[in-house]
Structures are given as structure tokens and as C-alpha cells.
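Please walk me through this structure in the viewer, one selection at a time. For each stop, tell me what to pick and what is there.

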Amino acid sequence: AVRRVLGRPTARRRAALALPFPEKSRAFLLDRYDHFERLDPLWRARFEDDVRVFLVEKRITGVGVEATDELRLLVAASAVTLSVGWPEYEWDHLTEVLLYPDDFDRDYTFGGDERSGEAHPWGTVILSVPSLLESFEVPDDAYHVGIHEFAHLLDVDQTHFDGIPVGLHGERARQWVAVAEKEMERLRHGRSAFDEYGAHDAVEFLGVAVEAFFEIPQVVRRRHREVYEILSSHFGQDPAAWDDERGVRE
């Protein structure tokens, strides 16, 4: 019985990967997601495999809204954007994604304007559906609630957020802290391409920086090179170079 229980995720994964990636889903992502479009065929195949695994292994629940196949695909794409460069990453810390029908306030009342998403250290991610859709509709505004909240979940150290990307240790972690402090100071003086929300604290700076890295990579590379180099190395991705190759200009 134990073997059967422990083997179920692997069996589900094998079954999902045994089938071709649905052409309808591929067309949907190409139409709706700029980062997916910028990937070359090899990276795109890896992305598609990771999306399939995410969808069969992670719980996505609608709260007052239907978790349609399209919304589930956008949730998975948001997470996989961060992890596609890490072949062994499992999103083990993620317990559930909740989809809300609107933005919400600190009491989780729908219709508030305080929050469009939230990540909890125990592994729950909450996303406002209108904000998630907007994130994909406008690809170059440095705003993406899905990427932002999943970036927070990658930041979890035991039971709290510390603003240091998972896997950065020692000198590399100290380098990130120093760069983040410098960039937050630039934000406070209006000399930054990052969203001003990132000046709030180191935790929010990480979310904002990761959003910008994937949404406006060429701008980040030009104006915030240290941030770009650390995140490019960390995620194993070079979206600014990929945009160069496909002829995209700032």
C-alpha cells in the first residue's frame, strides 16, 4: 500500500509525459504568453513537459470562480517560467493555488484593492483571476502577479520569507543582499526601472525584480546589470539575449 501511494505521483507524471503536448494548449500559450514565444524549440519542449507535470501534480482550486483549463494553464506557465531552467525542481513546497474572482483586502474580502496575489510560507498561493489575465495580456509592463507570487514561494527559508532567492548561499547570497539594498535605494529616489513597490522591503524587491527580469529583460540588463546577471545565472535563463535573437527592441 505504501509503495502504491508513493508511486502515484510518478505514475501520473509518466502518463502525462507519454502523451503529446496538446496542440490547443501550445497555440494558447503562443498567443497569450510572450515568454513562451521567445523560447527556442528545445526550451519550449522543456517548458511544455514541466507544465504537464505541474498540472497533474499540483492542486489549483477556484474560490467563487471556475478553475478552467485556460486558467490552470496560465497558473502552470507562471510557475514553470521560474523553474524551467532547473530540471530537477519539483515545486514540493507548493501545496495549493487558490484562484479568486477579484483582487482582495487583508481580510480576504473580494473587491478590495490591496492585493492581487499572496504567497504563504506554508505553501499556498492566491491569485486574483483578473490580475492574472492582465499579467498575460500586457507582456512588457514589468507586472506579472503569477511570476511575482511564485517568486515569493521560492524565497521561503523554513517558515518565513527573507528576500534571498532559493539556492543562493554564502558569498552569492551576500552579493544579492548588497545589490538589492543598492537597488531599493535607487527606487526610493526614482532612478529605477523596477516598480516602486519593490522599495517596500527586500522580500517585495525580489518579487518585483523577478517580474521585471522576465517582462522587460533588455531594460533590466541595460539599467540594472548586476540584478540581471545574478538572476540570469540563478534561473539558468537569458531572456534579454533571446529577445535580441528574435529582433525585439526595447
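Start by selecting Glu 118 and Ile 126: in this predicted model, Ile 126 of β4 is the bridge partner of Glu 118. Now extend the selection to both strands, β3 and β4, which pair in the antiparallel sense over three bridges. The two form a hairpin with four residues between the strands, and in this hairpin Gly 123 takes a positive phi near 110 degrees.

Strands of a sheet pair through backbone hydrogen bonds, either parallel or antiparallel.

Next, keep β2 and β4 in view. These two strands pair in the parallel sense over five bridges. To find one point of the pairing, pick Leu 98, which stands opposite Ile 126 in β4.

The pairing of β1 with strand β2 (residues 96–100) is parallel and runs over three bridges. Two positions can be picked out here: Thr 61 has Leu 98 of β2 as its bridge partner, and Ile 60 stands opposite Val 97 in β2.

Show the side chains of β2. How many of the five residues of β2 are buried? Five of the five are, and the strand is mostly covered. Glu 96, Leu 98 and Tyr 100 point one way, while Val 97 and Leu 99 point the other way. In a regular strand the side chains alternate between the two faces of the sheet.

Which helix packs with α7 at an angle of about 50 degrees? Select helix α5 (residues 69–83) together with helix α7 (residues 145–154): their axes are 9 Å apart, and the angle is about 50 degrees. That angle makes α5 oblique to α7. The crossing of the two helices is right-handed.

To see the contact itself, pick Val 75, Ser 78, Ala 79, Thr 81 and Leu 82 in α5, which meet Gly 146, Ile 147, Phe 150, Ala 151 and Leu 154 in α7. The residues of this contact divide into seven nonpolar, three polar and no charged.

Stay on α5 and select Glu 70, which is in this helix. Is Glu 70 buried or partly exposed? Its relative accessibility is 36%, so Glu 70 counts as partly exposed. Apart from neighbours within four places in sequence, Glu 70 is in contact with Lys 24 and Phe 28. For a distance check, pick Leu 30: its C-alpha atom is separated from that of Glu 70 by 13 Å, and the two residues are 40 residues apart along the chain.

**The pair α9 and α11**

Now select helix α9 (residues 202–215) and α11. Their axes come within 11 Å and cross at roughly 80 degrees. That makes α9 roughly perpendicular to α11. In the contact, Phe 205, Ala 209, Val 210, Phe 213 and Phe 214 of α9 meet Val 227, Tyr 228, Leu 231, Ser 232 and Phe 235 of α11. These contact residues divide into nine nonpolar, one polar and no charged.

Leu 231 has a relative accessible area of 0%, so the residue is buried. What does Leu 231 touch, not counting residues up to four places away in sequence? Show Trp 176, Ala 209, Val 210, Phe 213 and Gly 236 around Leu 231. One of these, Ala 209, is 22 residues from Leu 231 in sequence and 8.7 Å away in space, C-alpha to C-alpha.

Definitions and conventions. Residues numbered from 1 in each chain as written. Predicted model: local features only at pLDDT ≥ 70, side-chain atom pairs only at ≥ 80, totals over all residues. Heavy atoms only, no water. Axes fitted to C-alpha atoms, helices over the stretch in contact; angles between N-to-C directions. Parallel < 35°, antiparallel > 145°, perpendicular 65-115°, else oblique. Left-handed = near helix turned anticlockwise from the far one by under 90°. Contact = heavy atoms within 4.5 Å. Nonpolar A, V, L, I, M, F, W, Y, C, P; charged D, E, K, R; others polar. Pairing = 2+ DSSP bridges. Buried < 20%, exposed > 50% of the residue type's maximum accessible area, 1.4 Å probe, protein only.
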